Amino acid sequence: MERASAGFRKELVSRLLHLHFRDDRTKVSGDALQLMAELLRIFVVEAAVRGVRQAQAEDMALVDVDQLEKVLPQLLLDF
Amino acid sequence: MEEEQEAEEQERFSSQQRLKAAVHYTVGCLCQEVAADKEMQFSKQTIAAISEITFRQCENFARDLELFARHAKRSTINTEDVKLLARRSNSLFGERLDQAPICQKQTRATQGHRDHRSLVAV
């Protein structure tokens, strides 16, 4: 079941999170990093797919920022 | 003294820029996959926008995760914290995260544990 799929590297996720921690002692388990990488991947793919759906609804051949803006509010609320 | 501070500021800024660039690259790859799958193109601005939003969302995620762990009196964020983070959108995450290989492994581990104990009790 090997899907050749792009994703966020654990190291990148770790740096992204540590950038915003308030406490120096905060750490992230390896499993949590992996899960966060998956969560971020789902977030991006969902944004992209919703953008596509909007573009299709508008009969566009391209997902432009206008389409993305329309799906953004609901996407962020769904989080 | 001021020069040092400025140099530090610049260092922080450029490391943040590197992170943003890394996010942008990954987002680009993911959008390319979706584009191929749905036969639809993404404008460069759209990919940049998704990338920016993802980067900013990480700030919320990080803060929340840190608070969840602290609430549980831990200093290490674990998978339970991540699942709590994803609670709001059950349809998006509830199933998909549980099905992620890492969660499956944990479920099997705890199940194995329980079986072992029931054998011993008999």
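Which residues does A:Thr26 touch, not counting residues up to four places away in sequence? Keep that in mind while you click along, and remember that this is a predicted model.

**Stop 1: A:Thr26**

Select A:Thr26, in the loop between α1 and β1 (27–28) of chain A. Now show its surroundings. Leaving out residues up to four places away in sequence, A:Thr26 touches A:His18 and A:Phe21 in chain A, plus B:Glu66, B:Ser75 and B:Ile77 in chain B. A:Thr26 counts as buried because its relative accessibility is 7%, and the cut-off for buried is under 20%.

**Stop 2: the largest nonpolar core**

Next, pick A:Phe8, A:Val13, A:Leu17, A:Met36, B:Val27 and B:Phe42 together. In the largest nonpolar core, which has 54 residues, these six touch the most other members. Colour the elements that give two or more residues to this core: in chain A they are α1 (10–18), α2 (30–57) and α3 (65–77), and in chain B they are α1 (2–38), α2 (44–71) and α3 (79–85). The largest share, 15 residues, comes from α2(A).

Zoom in on A:Val13. Residues up to four places away in sequence aside, A:Val13 touches A:Phe8, A:Leu33, A:Met36, A:Ala37 and A:Leu40.

**Stop 3: along α2(B)**

Now follow α2(B) from end to end. This helix has 28 residues, and from its first C-alpha to its last it reaches 41 Å, close to the 40 Å expected at 1.5 Å a residue. After α2(B), select B:Lys73: its phi is positive, near 60°.

**Stop 4: the cysteines**

How many disulfides are there over all chains? The count comes to zero. In general, a disulfide is a covalent bond between the sulfur atoms of two cysteines.

Click B:Cys31, which is in no disulfide; the nearest cysteine sulfur belongs to B:Cys29 and is 9.5 Å away. B:Cys31 has a relative accessible area of 1%, so this residue is buried.

Then jump to B:Cys58. Its sulfur has its closest cysteine sulfur in B:Cys31, 15 Å away, so the two are too far apart for a bond; the cut-off is within 2.5 Å. B:Cys58 is buried as well, with a relative accessible area of 1%.

**Stop 5: B:Ala86**

Last, select B:Ala86, in the loop between α3 and α4 (90–99) of chain B. Is B:Ala86 buried or exposed? B:Ala86 counts as buried, because its relative accessibility is 7%. Finish by drawing a distance line to B:Arg18, 68 residues apart from B:Ala86 along the chain: their C-alpha atoms are separated by 27 Å.

Definitions and conventions: Residues are numbered from 1 along each chain as its sequence is written. Chains are lettered from A and ligands numbered from 1 in the order in which they are written. This is a predicted model: local features need pLDDT of at least 70, side-chain atom pairs count only at pLDDT 80 or more; totals for chains, interfaces and linings use all residues. Side-chain values use heavy atoms; hydrogens and water are left out. A nonpolar core is a set of buried Ala, Val, Leu, Ile, Met, Phe, Trp, Tyr and Cys residues joined through side-chain atoms within 4.5 Å. Buried means under 20% relative accessible area, exposed over 50%, partly exposed in between (1.4 Å probe, protein chains only). Helices (H or I, at least four residues) and strands (E, at least two) are DSSP runs, numbered from the N terminus. Contact means heavy atoms within 4.5 Å. The expected span of a helix is 1.5 Å times one less than its number of residues.
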